[in-house]
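Below are some notes for a first reading of this model. Please keep the sequence and the 3D view open while going through the points.

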Amino acid sequence: MTTIITEKTTTEEVNDSAKKAVYETNQLNLWYGSNHALKNIDLEIMENEVTAIIGPSGCGKSTYLKTLNRMVELVPSVKTSGEILYRGRNIFDHDYGVEELRTRVGMVFQKPNPFPKSIYDNIAYGPRIHGIKNKKILDEIVEKSLRGAAIWEEVKDRLNENAYSISGGQQQRICIARALAIEPDVILMDEPTSALDPISTLKVEELVQELKKDYSIIIVTHNMQQAARISDKTAFFLNGEVIEYDQTDTIFSNPSDKRTEDYISGRFG
Amino acid sequence: MSLREKFEFELNSAQEELITLSTMAVSALNKSMEALIRQDVDAALEVIEDDQDINQLEEFINDRVILLIAKQSPVATDLRRLIVTIKVASDMERVGDYAVNIAKETIRIGNQELLPQIEQIQQMQKLAVAMLHQVIDAFVEEDIVKAKEIAELDDQVDDLYGDVIRKLIQAGGENPDKLGQITQLAFISRYMERSADHATNIAEQLFYLVRGRHYDLNK
């Protein structure tokens, strides 16, 4: 049919050639004991983009996210095969220091988890661990990070208050600021708004849009509309496999795999 | 009923209403032409009066679809189906409007003896109605092969339209006293040609629904 009918040209074609890959995952397999949790994953994640990972519970999306900064290794009995290249280097190489990786790859979790310390100390924690003692430099980092997380104006007069004294939405942005303080390259977000009210969710979503100018963001979300709103690319995981990975516009308007369509349309999951 | 089942029930209801709307619009087009041929002013008035039912049903479908989009945030095929439903409803409502226009021209012509070009306009009507019926069937069956054939019929309608206009212009030179009816018949043939175009539009919408891409069937 297509040969005899003129298909209108679209402007959707996105030229990725100018962008670099921040992560290249090649034939990644992961087992928790005998449970084969990730199966032959091939994914290329581009810099300065928001990449959403969606899929039903237990599909392996959080496992994949935690593999990107090797946090998954905290679970006993984990085995992996294949490779994940971060900026061209395999993070599973024996001489690749996990601390080095985690200074480049920050993480924000489902529930806000500030340290039971002041707002200031939460942000200064990472830089201090990395040896920065100078108060003036720490002050600058704290302000820059809080501004970067769009919360400076709300907390600038309360920096010495305990981080638990502010709202959940503010705590989550403090956690994002804490991730920014170590000047990472990538930010991993594991359902960062699932415990937040709609207004706080909107603030975090807007923040993600801002942050992608300077960082590459990978976000696991159960909220389909959130993935559609804020991401550039979306990967759909099912039973440990990547079923479809494409431009978010394509995934949510015309996915090529029926399982993707069924999931995003709420037919299962 | 699960939320998904409820959504599908609403979606199917909108589709059924769209089929009803389409049937009403095509029936109005047929009735308006019959009124013209029989020079039946009462039948023409009935077409004009019945058009409000078509308009109301189109609004009803639009409201249902808007509510579904607002409440369910549909994506992919579900979303395309809803958007296409609104667009096809709009096309069919226009066909209903053309029927009204033809009915108004019929009233203007009154009991004047009809010019022979009416026969070709009848041929146009038969083709346009066949296209509309076919596109409704194709829509129900989601049959894009059938939809493609509609575009080919549209070429025949366009050729007939060109021919009718040429002959009407010629008749104008020969019968200057009939210029009023000649103008009215030219409008009527235009409405038939436009009705056929709407059938082609709907066929394109069907391609978009099934394939998720835009196609131009007029080339």
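1. Which residue in E11(A) is the bridge partner of A:Phe237? The partner is A:Val242. Before going further, note that this is a predicted model, in which local features need pLDDT of at least 70 and side-chain atom pairs count only at pLDDT 80 or more, while totals for chains, interfaces and linings use all residues. Residues are numbered from 1 along each chain as its sequence is written, and chains are lettered from A and ligands numbered from 1 in the order in which they are written.

2. Strand E10 of chain A covers residues 233–238. Helices (H or I, at least four residues) and strands (E, at least two) are DSSP runs, numbered from the N terminus. Two strands pair if DSSP finds at least two bridges between them. E10(A) pairs with strand E11 (residues 241–247) of chain A in the antiparallel sense, over six bridges. With strand E4 (residues 50–54) of chain A, E10(A) pairs in the parallel sense over four bridges. In E10(A), A:Thr234 stands opposite A:Ala52.

3. In a regular strand the side chains alternate between the two faces of the sheet. From E10(A), A:Lys233, A:Ala235 and A:Phe237 point one way, and A:Thr234, A:Phe236 and A:Leu238 point the other way. Are these residues buried or exposed? All are buried (20 or more other C-beta atoms within 10 Å of the residue's own; exposed means 12 or fewer, partly exposed is in between, and C-beta atoms are placed from the backbone). Six of the six residues of E10(A) are buried, so the strand is largely enclosed by the rest of the structure.

4. Most residues other than glycine have a negative phi, and most peptide bonds are trans. A:Asn239 takes a positive phi near 50° in the hairpin of E10(A) and E11(A), which has two residues between the strands. A:Arg70, not a glycine, has a positive phi of about 60°; A:Arg70 is in the loop between helix H1 (61–68) and strand E5 (78–86) of chain A. A:Arg70 counts as partly exposed because it has 19 C-beta neighbours inside 10 Å. A:Ala150, also not a glycine, has a positive phi of about 55° and lies in the loop between helix H4 (135–148) and helix H5 (152–155) of chain A. With 17 other C-beta atoms within 10 Å, A:Ala150 is partly exposed.

5. In chain A, the axes of helix H3 (residues 119–129) and helix H6 (residues 168–180) come within 7 Å and cross at roughly 30°. Axes are lines fitted to C-alpha atoms, for helices over the stretch in contact, and angles run from 0 to 180 degrees between N-to-C directions. H3(A) and H6(A) are therefore roughly parallel to each other (angles under 35 degrees; over 145 is roughly antiparallel, 65 to 115 roughly perpendicular and the rest oblique).

6. In chain B, helix H1 (residues 3–38) and helix H2 (residues 41–72) pack at an angle of about 160°, with their axes 9 Å apart. H1(B) and H2(B) are therefore roughly antiparallel to each other.

7. The contact between the chains takes 17 residues from chain A and 16 residues from chain B (two residues are in contact if their C-beta atoms, placed from the backbone, lie within 7 Å). On the side of chain A that touches chain B, the largest share, three residues, comes from H8(A).
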